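Here is a short briefing for your first look at a protein model. Keep the sequence and the 3D view side by side as you read.

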Amino acid sequence: MAGDVTVAIDPHVHSEGSYDGREPVELLLEQADDIGLDGIVVTDHDEIDESLRAAELAPEYGLVGIPGVEVSTAAGHVLAIGVEERPDPRRPFDETVETIRESGGVAVVPHPFQRTRHGVRKRRITDCDAVEVFNSWVFTGYRNRRAKRFAENEGYPGVAASDAHSAGYLGRAFTEFAIPDAESKAEVDGDDVVEAMDDDSAEVHGRRQPLLRSAHHYLVGAGRKTGWALRRRAPNLL
């Protein structure tokens with residue numbers, strides 16, 4: 001990537017806008033700046049309002065603003081990065097990918113094949129712009145290695161992300177993107193990063209969460225999801 005400006009982005013982060021998120025986007029942005037990231041993409045589950053707010057606030061923290069959302073498709077989850085409107089959830093996977101592209105974004109498959117996390121099955125990934133080949137919340141390295149092999153075999157660019165649900169885990173995995181024709185990071189905007197995401201020159205970096213923390217994360221997330229669903233269905237009973 002010599003001669004290009006590189007930016008370090010964590011492209012899969014959750015805020016309090018997700019049923020399983022904890023913290024406001026202001027705290028996430030502050031943490032991202034403190035640990036040396038150049039930007040984050042807040043990808044709440046089927047919610048985009050907090051991500052849009054984060055993208056708008058990002059320059060105040062010296063970061064690149066990039067909106068996004070983690071969409072629940074009929075086949076599993078997909079990250080819509082660079083969009084300003086949430087694609088309708090529970091639509092066919094391929095249809096959602098096309099909607100994301102038509103909206104000026106890129107479709108990234110997170111934690112593929114992991115059925116317990118609504119990962120899209122291998123046979124259902126017929127088209128996308130990139131694959132998450134390193135997710136810091138996996139229990140073992142096997143899942144990441146399998147995702148990496150699949151991306152390489154199919155010719156999809158790979159990205160790494162923390163999948164953080166709180167500020168303390170932000171940046172445990174991130175992706176460095178090369179931005180051509182930029183003389184400094186100050187010239188880089190969200191559109192530049194989105195355009196670079198489907199380029200295979202990105203470099204992935206990361207380390208997994210400790211096993212006990214991962215297990216706790218899954219259990220807490222499952223409980224929050226149940227409570228959130230009950231509140232939506234029967235708000236007067238809780």
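Predicted model: local features only at pLDDT ≥ 70, side-chain atom pairs only at ≥ 80, totals over all residues.

Residues are numbered from 1 along each chain as its sequence is written, and side-chain values use heavy atoms, with hydrogens and water left out.

Terms
- Helices (H or I, at least four residues) and strands (E, at least two) are DSSP runs, numbered from the N terminus.
- Buried means under 20% relative accessible area, exposed means over 50%, and partly exposed lies in between (1.4 Å probe, protein chains only).
- Contact means heavy atoms within 4.5 Å.

Helix H2
- H2 spans residues 49-57, and its buried residues are Glu-50, Ser-51, Ala-54, Ala-55 and Leu-57.
- They line one face of the helix, because they fall within an arc of 165° seen down the axis of H2; the arc is that of the directions from the helix axis to the C-beta atoms.
- Asp-49 and Glu-56 are exposed, on the face turned away from the buried side.
- The cover over the buried residues of H2 includes helix H1 (25-34), strand S2 (39-42) and strand S3 (64-72).

Helix H3
- In H3 (residues 93-102), Phe-93, Thr-96, Val-97 and Ile-100 are buried.
- These residues fall within an arc of 105°, so they line one face of H3.
- They pack against S3, strand S4 (77-81) and strand S5 (106-109).
- Just after H3, Gly-104 has a positive phi of about 85°.

Ser-15
- Ser-15 sits in the loop between strand S1 (5-13) and H1.
- Ser-15 counts as buried because its relative accessibility is 0%.
- Leaving out residues up to four places away in sequence, Ser-15 touches residues including Arg-22, Leu-28, Asp-44 and Glu-50.
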